[in-house]
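Dear colleague,

Please find the structure below for your records. My notes on its charged side chains and one surface feature follow.

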Amino acid sequence: AEDCAAWEWAKMTRESMRSHHQDGGLERSIVKLNDHSHLYHLVLDLGVPGLQPREWLVKGVWKKQDDGSLVTAYEDVEHEDFPEQSGKYVR
């Protein structure tokens, strides 16, 4: 379970970044909020003519349960470090 959790949280590895850019990724960053949460920022050009790039800003949290299992949850958020850039991307 811990290996799976480590893989889930390793979104900024060189391999992951290379794949992101090869698949139309324009921006990608992660901000650690504390030992159990982070902000994940992603911008993709979906490659559809006339369609603006799409932007996501997601907060992820995780918790280890008493039985040893890990629970992760994600939600869309707004954050001062990533203001919405109207006209540039669609969030």
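Glu55, Glu78 and Arg91 are linked in a network of salt bridges, a salt bridge being a side-chain nitrogen of Lys or Arg within 4 Å of a carboxyl oxygen of Asp or Glu. The model is predicted: local features need pLDDT of at least 70 and side-chain atom pairs pLDDT 80 or more, while totals for chains, interfaces and linings use all residues. Residues are numbered from 1 along each chain as its sequence is written, and side-chain values use heavy atoms, without hydrogens or water.

The salt bridge between Arg91 and Glu78 has an N to O distance of 2.7 Å.

Glu55 is buried at 3% relative accessibility, Arg91 is partly exposed at 28%, and Glu78 is exposed at 56%. Here buried means under 20% relative accessible area, exposed over 50%, and partly exposed in between (1.4 Å probe, protein chains only).

Leaving aside neighbours within four places in sequence, Glu78 is in contact (heavy atoms within 4.5 Å) with Leu57, Glu84 and Arg91.

The whole structure holds 3 salt bridges. One of them joins Asp35 and Lys32, with the closest N and O atoms 3.1 Å apart; both residues are exposed.

Yours sincerely
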